[in-house]
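Here is a short briefing on one chain and its partner. Look at the picture, then read the points below.

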Amino acid sequence: MYVAVKGGERAIDNAHAWLAEERRGDLGVAEMSIAQIREQLALAVARVMAEGSLYDPDLAALAIKQARGDLIEAVFLIRAYRTTLPRFGASLPVETDKMACDRRISATFKDLPGGQILGPTFDYTHRLLDFALAAEGLAPAPAPQAAAAPDRLPHVTDFLAREDLIQPEADGSATPRDLTREPLDFPADRPLRLQALTRGDEGFVLSMAYSTQRGYGRNHPFVGELRIGRVDVEMDIPELGFAIELGEVVLTECETVNQFMGSKTEPPQFTRGYGLVFGQSERKAISMALVDRAMRWEELGEDNVGAPAQDQEFVLYHSDNVQATGFLEHIKLPHYVDFQSELELIRRLRAEAAASQTQEAAE
Amino acid sequence: MSVTDPAITARQARLSTLAKAPAARLAALFAAYATALPAHEVLRAPEIGTVMVKGRAGGSGAPFNLGEMTVTRCAVRLPSGVVGHGHVQGRDGDHARRVAVIDALCQEGQASAIEAAIIAPLRAEAVAAREGRARRAAATKVEFFTMVRGEDA
């Protein structure tokens, strides 16, 4: 229970003033600009955009600065800002097969058309601290260049689809349910689940995905394809009467190909899990694909083995870090009256217990 | 909406290039083309909002809501009565307004001059940026070679 309490304004004001001072840190150290955060902490910016559910690198960089690098706090700031903006409409679905890929790899086909393109990856680095980065002012050597690959890289799952070896994707409503406009309602269809997963906490979605790999709802995934790059966002503009490309976003897409022996309703074939996330974020995209696949047990006629990742209510109700942290952290706020009543209850029970002991001793 | 009218196709391509152009670069190109924005009436003041970006399950299946992006829009009218619309990615009101004015000017007969002075350079720069990344990506393409095993030799 909450009770209005007066007082504390001066303490709060002073706490915020000190917060501003601490945020800035040592004045002898140069202040970070939004552009520096956007350019040099790009993966933190990507995470804040994905979980904040708003693609705007400058805003995400500002949120990171304001939150002193606390990314969940930054996501919270972005979500709050988003609610102040009108929504002009919805884009046409982005066409990821037309992505201008920085990276595109497949763990299933070595010699796929277009090839394995590593891109700017941490993979194959030795994870040794690079003390050269501690010495500032060193520009990196320019990255080598080569004749560019064909503009359009086909999706790996298309090859399997051509042979009818993978479950085709069903079409759906052009206006999918939107959990930012209506409360989460179960059963959640796949579009709603994908929306929740793409904005879900990276750590939570990763752990859920990992649990399926360790045996809690195992679904035998291969990364059919992982791609990172830029896609155009196109929208019909009513005033114009035609669609224009409104902008460009960086996305990470993961398609898993999962072993499937067939069920009562489906023939033996490969099945799919799907991850699509704002920014360069492949850990999140792969995790999303595994959890998406785990939650599809019912439509595929698989057994529910009671694994957490198969439980859509469990996953969707706990994936949002702003909701989670809001509820978790509220318990540090004043609960004086609740606690007073608990305190009184314990005292009364103690007194009663003591009284009955005295009485027993007397008898 | 599929478009077949060449004038509309040209306007569509122009507005797409302008929406994605770096605001500062467009401002510089416009300043070189005409020293200042021509007289215009603002029909809709630059307004910041969002557009819900949709994806498709599996890349080809049911649409789903991926998340929003910031967009700024603006509408202007030239003294001749021609109306121009600007929609740009991000939150730069001046950028949206400049695009709206350019859209109107192009409908007023300046399309080919603006194409040459503003749109073509922006398009070339966008292509160059894209190719720069594509060339770096191509350099990270794996060239597999098969080791010859002893028993096959």
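Of the 153 residues of chain B in this predicted model, 42% count as buried. Buried means under 20% relative accessible area, exposed over 50% and partly exposed in between, with a 1.4 Å probe and protein chains only. Residues are numbered from 1 along each chain as its sequence is written, and chains are lettered from A and ligands numbered from 1 in the order in which they are written. In this predicted model, local features need pLDDT of at least 70, side-chain atom pairs count only at pLDDT 80 or more, and totals for chains, interfaces and linings use all residues; side-chain values use heavy atoms, without hydrogens and water.

**Fold and shape of chain B**
- Chain B has three helices and three strands (DSSP runs: helices are H or I, at least four residues; strands are E, at least two; numbered from the N terminus).
- Their order from the N terminus is α-α-β-β-β-α.
- The radius of gyration of chain B is 21 Å, well over the 15 Å from the globule rule for 153 residues, so chain B is more spread out than a compact globule. The radius is taken over C-alpha atoms, and the rule is 2.2 Å times the number of residues to the power 0.38.
- Along the principal axes, the C-alpha atoms of chain B fill a box of roughly 85 × 35 × 30 Å.

**Meeting chain A**
- In all, 54 residues of chain B are in contact with 80 residues of chain A (heavy atoms within 4.5 Å).
- The two chains bury about 5,900 Å² between them, 60% of it on carbon and sulfur atoms. Buried area is the accessible area (1.4 Å probe) that two parts lose on being put together, summed over both.
- F88(A), F242(A) and L246(A) supply 12% of the area that chain A buries against chain B, more than any other three residues.
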